[in-house]
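Work through the exercises below with the model open. Each task is followed by a stepwise solution.

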Amino acid sequence: MKLRALLSALLSLVVLALLSCGGDGGISGTGAPEGTLRLSLGDAPSCGYDEINITVQKVRVHQSATADDADAGWSEIVLAPAKRVDLLTLTNGVLAELGETPLPAGKYTQLRLVLADNDAAHPLANSVVPSGGGETALTTPSAQQSGLKANVDIEVAPNQLADFVIDFDACRSIVKNGKLGKYHLKPVIQVVPRLVSGVAGFVGGSIVTPGAGISLQQAGLPVKSTVADSSGHFLLQPVVPGSYDLVITAPGRATAVVTGVPVATNVVTTVNTAGSAIDPPASGSGMLDGTVVTGAASIDATVAVAQALTAGPTITLADAPVDASSGAYAYAVSVAAPLVAPYAALPAPLVFVADPGAAGRFTLTATAGGTTKPPAGPLTLTAGAVVHTDFVFP
């Protein structure tokens with residue numbers, strides 16, 4: 001899963017100018033009611049990378065979800081000079097501040113994050129460092145012109161602060177082209193309110209390792225992910241209030257799941273203490289691999305791995321793009337029985353019970369061009385084995 005201790009210091013990006021393109025969007029002194037929009041940048045950890053760097057030039061917002069680049073009504077937060085951020089430092093509640101600005105009250109439904117060019121003076125303005133490899137340019141073809149687009153629901157009320165986080169899912173946002181040795185940014189981002197609400201806890205030393213990860217999921221889909229720091233502490237924040245399943249994975253370790261974790265408004269739910277860190281036992285691993293064929297020269301597809309618990313939810317263990325040139329994917333997954341515990345408020349302990357009915361049983365789902373194939377499986381996998389599954393679109 002998307003999983004890789006990262007920095008705990010807050011990165012500050014200073015806004016030096018606010019510009020507005022057309023209309024009176026964001027310009028003070030018009031007499032129209034105004035509120036304040038504050039934006040910050042967050043991330044979910046990535047799989048297989050030591051760094052994912054982007055250089056932010058500006059953020060644009062508009063009240064129309066269909067507004068084109070040159071339309072009137074855009075408001076912009078401009079960073080001068082542009083600021084380079086390693087997305088993988090933004091875990092455990094760490095955010096990079098993008099600044100705040102007054103703008104007309106109302107609902108904003110489109111946001112664009114505009115990145116700098118990789119040019120002769122700054123050839124690695126946007127880059128990746130694959131684990132064990134060297135720094136390589138990250139191509140972002142749409143980011144320098146129109147920006148990385150996200151549909152949003154931001155309500156700016158008169159004389160109030162609207163505080164939101166631009167949250168990257170880095171694991172699903174980096175597409176590798178193995179044939180060309182290139183990496184492309186295909187952003188998977190969401191814009192969420194900046195809330196105190198979240199989930200915290202501790203994992204054991206086996207989870208503080210490359211490839212390990214911690215996620216909150218609803219209906220089997222990851223909502224927020226992180227990695228533990230060097231002490232085993234983790235914080236998933238901000239999170240919209242609700243009920244979640246906490247999923248913990250690590251190479252060579254059984255999966256651990258805490259079901260029904262409640263998150264209340266302005267509260268961080270702590271699931272355990274350092275003295276009761278979650279540290280799953282060792283597990284053998286097998287490989288799920290295959291290819292996706294779409295008929296296009298550049299293959300734009302993802303493959304997800306899920307596991308259905310016998311008396312609980314279905315959880316996602318991995319979800320990432322396939323290789324853009326070959327369509328290949330490969331996931332090493334633990335085959336031991338997952339450990340499942342219902343949430344219990346402290347000081348009550350979490351009581352984990354093995355789920356042998358779910359051991360080594362997985363489903364695969366492929367998505368390409370907005371179409372999702374029916375899940376393949378359940379597939380039975382044993383330690384050291386390889387199960388190969390291909391998907392063909394359309």
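Exposed means over 50% relative accessible area, buried means under 20%, and partly exposed lies in between. The model is predicted.

**Exercise 1. Classify Asp 153 and Lys 107, then describe their contact.**

Step 1. Asp 153 has 53% relative accessibility, so it counts as exposed.
Step 2. Lys 107 has a relative accessible area of 42%, so it is partly exposed.
Step 3. The two side chains meet in a salt bridge, 3.5 Å from N to O.
Step 4. This pair links distant parts of the chain: Asp 153 sits in strand β10 (residues 148–156) and Lys 107 in strand β7 (residues 106–115), 46 residues apart.

**Exercise 2. Are Asp 167 and Lys 224 buried or exposed, and how far apart are their closest N and O atoms?**

Step 1. Both Asp 167 and Lys 224 are buried.
Step 2. They form a salt bridge, with the closest N and O atoms 2.9 Å apart.
Step 3. Asp 167 belongs to strand β11 (residues 161–169) and Lys 224 to strand β17 (residues 221–226), so the pair links distant parts of the chain, 57 residues apart.

**Exercise 3. Trace the salt-bridge network of Glu 76.**

Step 1. Glu 76 and Lys 58 meet through their side chains in a salt bridge (3.5 Å, N to O).
Step 2. Glu 76 lies in strand β5 and Lys 58 in strand β4, 18 residues apart.
Step 3. Glu 76 is buried at 4% relative accessible area, whereas Lys 58 is partly exposed at 24%.
Step 4. Arg 60 joins Lys 58 and Glu 76 in a network of salt bridges.
Step 5. In total, the model has eleven salt bridges.

**Exercise 4. Which residues line the second largest cavity?**

Step 1. The volume of this cavity is about 30 Å³.
Step 2. Its lining consists of Leu 37, Leu 39, Val 59, Arg 60, Val 61, Ser 75, Glu 76, Ile 77, Thr 101 and Leu 103.
Step 3. Sort them: six are nonpolar, two polar and two charged.
Step 4. β3 (34–44), β4 (49–62), β5 (74–86) and β6 (96–104) each supply at least two lining residues.

**Exercise 5. Why is strand β15 largely enclosed by the rest of the structure?**

Step 1. Count the buried residues. Five of the five in β15 (residues 198–202) are buried, so the strand is largely enclosed.
Step 2. Check the directions. Gly 198, Ala 200 and Phe 202 point one way, and Val 199 and Gly 201 the other.
Step 3. Find the partners. β15 pairs in the parallel sense with β21 (residues 268–270) over three bridges. Four bridges join β15 to β18 (residues 233–236), and these two run antiparallel.
Step 4. Name the contacts. Gly 198 has Val 268 of β21 as its bridge partner. Ala 200 has Leu 235 of β18.

Methods: Residues are numbered from 1 along each chain as its sequence is written. This is a predicted model: local features need pLDDT of at least 70, side-chain atom pairs count only at pLDDT 80 or more; totals for chains, interfaces and linings use all residues. Side-chain values use heavy atoms; hydrogens and water are left out. On a 1 Å grid over the protein atoms alone, a cavity is a set of points where a 1.4 Å probe fits but cannot get out, and a pocket is an open set with protein on both sides within 12 Å along at least five of seven lines; lining residues have an atom within 4 Å of a point. Grid points are joined across faces, edges and corners, and a volume is the space filled by probe spheres set on the points. Ala, Val, Leu, Ile, Met, Phe, Trp, Tyr, Cys and Pro count as nonpolar, Asp, Glu, Lys and Arg as charged, and the others, Gly among them, as polar. Buried means under 20% relative accessible area, exposed over 50%, partly exposed in between (1.4 Å probe, protein chains only). Two strands pair if DSSP finds at least two bridges between them. A salt bridge is a side-chain nitrogen of Lys or Arg within 4 Å of a carboxyl oxygen of Asp or Glu.
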